[in-house]
Amino acid sequence: MTAKVIDGKAFAATVRGKVAVHVSRLKADHNITPGLAVVLVGEDPASQVYVRSKGKMTLEVGMKSVEHKLDIETPEADLLALIEQLNNDPEIHGILVQLPLPKHLNEDLVINSISPAKDVDGFHISNVGLLSTGQKSMVPCTPLGCLMMLRDHHGSISGMNAVVIGRSNIVGKPMAQLLLNDSCTVTIAHSRTKDLPDVVRGADIVIAAVGRPEMVPGDWIKKGATVIDVGINRVEKPEGGTRLVGDVDYASCAEVAGAITPVPGGVGPMTIACLLANTVTACSRANGLVEPEGLTA
Ligand code: NAD
C-alpha cells in the first residue's frame, strides 16, 4: 500500500483563502480590519523566521500586522505592560508572544496576562479549560491544523483509535483533547510509555509530536492508518548541508499508512494558516459577528 499524501501546503492555501474572504467581508460590511500583534523577545534565529513569515501572511490575507521586537534583556514588567497595552487596543484582535521566551521571563505569567479573547495561540489557562470542557475557546494552532486535515481526509473521525505521541502543552495535550471532543478513543504516549511500538500499532490515527528525527518506523504503523507528523527536525545530510525531517520515518511509514503528512509541507504550513484563522475568529467574536465557518474546532 502506498499512502495518500496529505498536502498541507495546498490545504493551508485553501484555509488562508477562506480567511481572506472573511476579512474582506468584515472590511466591506463593517469597516473592521482584523489585527494581529506578534511579540518577539530576543533574537532567536528560528523565531525570527517564524515571526517574519507570520507577518507576511497576515498582510497577504488583508489583516493588519503589528510586530514588537524587544531586546533579549527586556524586564518582565515591560513585557507585561506591552501586553496590557495590546489587550486594550481595539485595533488588535489577536496577540501572539513568540515562544520560547528568555529564561528570566515567566512564560506562564506572560501567557496568562494576554486577554483570553485575544489569545490566538490558545495557551491561556482559560482557553485550556474551555477546550477541555468542550466549550467555545481559542484552539492552539498546530493541533487545530492537524484536526482540520483529519476531518478533511476522513469526514468523521468518531470512534477511531488515536494515539498522540508527545504530551506538551503546545501540541500533544490540546491535540488529544480535540480528538476526544471529536469522539476518538485517545491514548497519549510519552517518554515513559511502556512498549510504545505496540501502543502505536493499535492506532487508526497516529499523531507524532516528539521532536526526535524519524523515530517512528513503518513497522509500528497499522496498515491503512493515518499518520500526522508534527515533528520538525533539522538533520545533517551525508553529502553536507542539512534537511528537515519529521518524527516519523516517512519512506517506511508511507508504505503501510493509508494517508500521511510530509515534512516539510504538511503540518507546518497549516499552523500559520490556523493562526490567521484564529485571528479572524477572535475579531468576529469581539465584534459580536458571525464566525467564519470551518475555521475553528
Ligand atoms: P516538547 O519537547 O515540548 O514535547 C515532546 C514530547 O515528546 C514530550 O511530551 C515527551 O514526553 C515526548 N517524548 C520525548 N521522547 C520520547 C520518546 N522517546 N518516546 C515517546 N515520547 C517521547 O515538543 P513540542 O513542542 O510538543 O514539539 C514536538 C515536535 O513538534 C518538535 O519537533 C517541534 O519542532 C514540532 N512542532 C511543530 C510545529 C509545526 O507547526 N509543525 C509546531 C509545534 C511543534
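A polar contact is taken here as a pair of N or O atoms within 3.5 Å; within protein, one atom must be able to donate a hydrogen and the other to accept it, and residues adjacent in sequence count only if both atoms are side-chain atoms. The structure is a predicted model, in which local features need pLDDT of at least 70 and side-chain atom pairs count only at pLDDT 80 or more, while totals for chains, interfaces and linings use all residues. Residues are numbered from 1 along each chain as its sequence is written, and side-chain values use heavy atoms, with hydrogens and water left out.

For the side chain of S168, the distance from one of its N or O atoms to an oxygen atom of the ligand is 2.5 Å. The backbone also takes part: a polar backbone atom of V230 is 3.4 Å from a nitrogen atom of the ligand. The ligand taken alone exposes 860 Å², of which the protein buries 71%; accessible areas come from the Shrake-Rupley method with a 1.4 Å probe, and for residues only the protein chains shown count as cover.

The ligand is surrounded by 21 residues, and R167, S168, V230, I232 and T271 are the closest. A residue is near a molecule or strand if one of its heavy atoms lies within 4 Å of it. By class, the shell holds nine nonpolar, ten polar and two charged residues. In this classification Ala, Val, Leu, Ile, Met, Phe, Trp, Tyr, Cys and Pro are nonpolar, Asp, Glu, Lys and Arg are charged, and the others, Gly among them, are polar. Helix α10 (residues 267-286) gives the largest share of the shell, three residues. Helices (H or I, at least four residues) and strands (E, at least two) are DSSP runs, numbered from the N terminus.

Helix α10 also contains S284. This serine counts as buried because its relative accessibility is 0%; buried means under 20% relative accessible area, exposed over 50%, and partly exposed in between, with a 1.4 Å probe and protein chains only. The side chains of S284 and H22 are joined by a polar contact of 3.2 Å.

Strand β2 (residues 35-41) is largely enclosed by the rest of the structure, because seven of its seven residues are buried. In a regular strand the side chains alternate between the two faces of the sheet. In β2 both faces are covered, with G35, A37, V39 and V41 buried on one side and L36, V38 and L40 buried on the other. The strand runs parallel to strand β3 (residues 64-70), to which seven bridges join it. Two strands pair if DSSP finds at least two bridges between them. L36 has S65 as its bridge partner in β3. Together with helix α2 (residues 45-60), strands β2 and β3 make a right-handed β-α-β unit. A crossover is right-handed if, with the strands pointing away from the viewer, the path from the first strand over the helix to the second runs clockwise.

Strand β2 also pairs with strand β4 (residues 94-97), in the parallel sense and over four bridges. Here L36 stands opposite G94, and V38 has L96 as its bridge partner. Both faces of β4 are covered as well: G94 and L96 are buried on one side, I95 and V97 on the other.

A further set of six strands forms an open sheet with parallel pairing, in the order β1-β11-β8-β7-β5-β6. Its edge strands, β1 (4-5) and β6 (185-189), each pair on one side only. Within this order, strand β7 (residues 205-208) runs parallel to strand β8 (residues 226-229), and four bridges join them. I207 stands opposite I228 in β8.

Several backbone features fall in loops. The peptide bond between L99 and P100 is cis, with omega about 0 degrees, and P100 lies in the loop between β4 and α4 (107-111). Another cis peptide bond, with omega near 0 degrees, runs from V263 to P264; P264 is placed in the loop between β11 (259-260) and α10.

Positive phi in a residue other than glycine occurs at N31, with a value near 55 degrees. N31 is in the loop between α1 (8-30) and β2, and it counts as exposed at 74% relative accessibility. D195, also not a glycine, has a positive phi near 50 degrees. This residue is found in the loop between β6 and α8 (196-201) and is partly exposed, with a relative accessible area of 46%.
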